[in-house]
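Work through the exercises below with the sequence and the structure at hand. Each task is followed by a solution in steps.

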Amino acid sequence: MDTTTTTLSSSPLKRARKLRDEEEATKTSSVARIIDGRRMAKDIRAELKAEIETMARKPGLAVVLVGNRTDSATYVRMKKKAAAEVEIFSVDVTLPDSVTQEELLKAVKKLNEDPRVDGILVQLPLPKHIDEATVLKSIRVDKDVDGFSALNIGNLCLRGGDEPQALPCTPAGCMEMLRRTGVQTRGKRAVVIGRSNIVGMPVSQMLQQLDATVTVCHSKTLDMESIVRNADIVVAAVGRAEMVRGNWIKPGAVVIDVGINRKDDATRKRGYRLVGDVCFEEAKHVASAITPVPGGVGPMTIAMLIRNTVRLAKARTKREAA
Ligand code: NDP
């Protein structure tokens with residue numbers, strides 16, 4: 001703030017008022033620190049690339065894509081690109097929408113037995129006629145690169161359990177963002193909106209492990225606004241465009257927005273733009289730090305997938321050497 005314009009002739013009272021007005025103006029126009037997931041993920045990929053270069057064997061990642069959903073195809077393309085960049089060996093399995101559950105299970109079995117593959121990712125959602133839980137259960141635990149297996153989730157939740165072999169990528173990405181931003185979690189009040197197996201539930205467990213006091217909100221939660229308003233850390237994983245408004249956010253809170261939603265936008269060539277579950281334009285004036293959408297949690301999810309692949313490969317090498 002520049003106070004040098006204050007004239008010597010003005011009274012101390014006037015000077016104090018001017019100072020106060022300037023401070024207020026700074027406060028109201030202040031913008032949260034934007035947590036740049038793209039840059040953070042790039043740093044992590046570079047760290048992992050250096051780690052991979054020291055390994056005797058390249059880690060291998062298998063990505064299974066079923067059907068022709070454009071969003072799934074985009075995610076898979078981004079994951080494969082990140083894997084290629086760090087020189088991970090990758091296996092692609094692309095199956096038609098009409099694939100039977102049996103055929104898909106057979107493909108997973110083949111990957112389970114493939115010694116070049118350390119991690120298997122089946123891109124969700126799967127077509128309606130396929131039982132996702134059965135397919136996920138068929139992935140060998142030591143190749144469960146998404147960390148979704150009951151054993152990995154169970155160990156994540158147990159106090160004093162074994163260390164999970166892999167942590168779910170999006171939740172791990174959220175925690176890494178907090179860590180790299182230097183956000184204190186111990187003793188803080190955290191609110192997680194959403195309780196899905198892949199995001200909300202593991203995020204709430206991880207925050208608890210970091211000594212935050214965690215409240216989980218979901219579709220049946222009453223008066224969610226007032227719960228969110230008390231939170232020092234808000235993680236939104238709902239799938240409802242801009243549901244969390246700026247006036248729900250406690251001043252100075254840290255906001256991690258996991259949501260990826262399409263919002264109609266006639267100014268864009270494709271007719272829409274991507275927005276999070278939090279109204280970024282409002283929340284950025286209240287929060288102390290916030291993740292953007294796109295460019296926030298998304299790239300971190302992919303970086304964590306690569307990290308999990310490297311960890312599974314290292315664990316296997318260690319097991320084989322024992
Ligand atoms: P799910 O649909 O599986 O879960 C949504 C959760 O939000 C549920 O727990 C649901 O409650 C809750 N919910 C729904 N509506 C409301 C509401 N009105 N008020 C409060 N809670 C509500 O979604 P996911 O967890 O898979 O994904 C959440 C979002 O995150 C999506 O936008 C998705 O695209 C995005 N995502 C982003 C990723 C990334 O890498 N950035 C990765 C994965 C997901 P209930 O349990 O009661 O039904």
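**Exercise 1. The ligand shell**

How many residues surround the ligand, and which are the closest?

Solution. The model is a predicted one. The ligand is surrounded by 25 residues. The closest are Gly194, Ser196, Ser219, Gly239 and Thr301. Next, sort the shell by class: it holds ten nonpolar, twelve polar and three charged residues. Last, look for the element that gives the most to this shell: helix 11, residues 297-321, with three residues.

**Exercise 2. The chain as a whole**

Describe the overall make-up of the chain and its division into domains.

Solution. Begin with the secondary structure, which comes to eleven helices and eleven strands. The C-alpha atoms fill a box of roughly 85 × 45 × 40 Å along the principal axes. Of the 322 residues in the chain, 40% are buried. Now consider contacts between residues at least 6 apart in sequence: 67% of them join residues at least 24 apart. The domain assignment gives domain 1 (57-141) and domain 2 (168-298). Between the C-alpha centres of domain 1 and domain 2 there are 28 Å.

**Exercise 3. The largest nonpolar core**

Which members of the largest nonpolar core touch the most other members? Why does this core lie between domain 1 and domain 2?

Solution. The core has 85 residues, and those touching the most other members are Val234, Val235, Val255, Ala287 and Ile306. Helix 11 supplies the largest share of the core, ten residues. Domain 1 and domain 2 both give residues to the core, so it lies between them. As a general background, nonpolar side chains in soluble globular proteins tend to be buried together.

Then take one member in detail. Leaving out residues up to four places away in sequence, Val255 touches Val234, Ile249, Val278, Ala283, Ala287, Ile290 and Thr291.

**Exercise 4. Strand 2**

Is strand 2 mostly covered or uncovered? Check each of its faces.

Solution. Strand 2 covers residues 60-66, and seven of its seven residues are buried, making it mostly covered. In a regular strand the side chains alternate between the two faces of the sheet. On one side of strand 2, Gly60, Ala62, Val64 and Val66 are buried; on the other, Leu61, Val63 and Leu65 are buried. Its partner is strand 3 (residues 89-95), which runs parallel to strand 2 and is joined to it by seven bridges. One of the paired positions is Ala62, whose bridge partner in strand 3 is Val91.

**Exercise 5. A loop residue**

Is Lys269 buried or exposed? Locate it in the chain as well.

Solution. Lys269 lies in the loop between strand 9 (261-264) and strand 10 (272-275). Count the other C-beta atoms within 10 Å of Lys269: there are 6. A residue counts as exposed at 12 or fewer, so Lys269 is exposed. For a distance to a residue elsewhere, take Ile153, which is 116 residues from Lys269 along the chain; their C-alpha atoms are separated by 41 Å.

How values were computed. Residues are numbered from 1 along each chain as its sequence is written. This is a predicted model: local features need pLDDT of at least 70, side-chain atom pairs count only at pLDDT 80 or more; totals for chains, interfaces and linings use all residues. A residue is near a molecule or strand if its C-beta atom, placed from the backbone, lies within 6 Å of it. Helices (H or I, at least four residues) and strands (E, at least two) are DSSP runs, numbered from the N terminus. Ala, Val, Leu, Ile, Met, Phe, Trp, Tyr, Cys and Pro count as nonpolar, Asp, Glu, Lys and Arg as charged, and the others, Gly among them, as polar. A nonpolar core is a set of buried Ala, Val, Leu, Ile, Met, Phe, Trp, Tyr and Cys residues joined through C-beta atoms within 7 Å. A residue is buried if 20 or more other C-beta atoms lie within 10 Å of its own, exposed if 12 or fewer, and partly exposed in between; C-beta atoms are placed from the backbone. Domain bounds come from an automatic or database domain assignment. Two residues are in contact if their C-beta atoms, placed from the backbone, lie within 7 Å. Two strands pair if DSSP finds at least two bridges between them.
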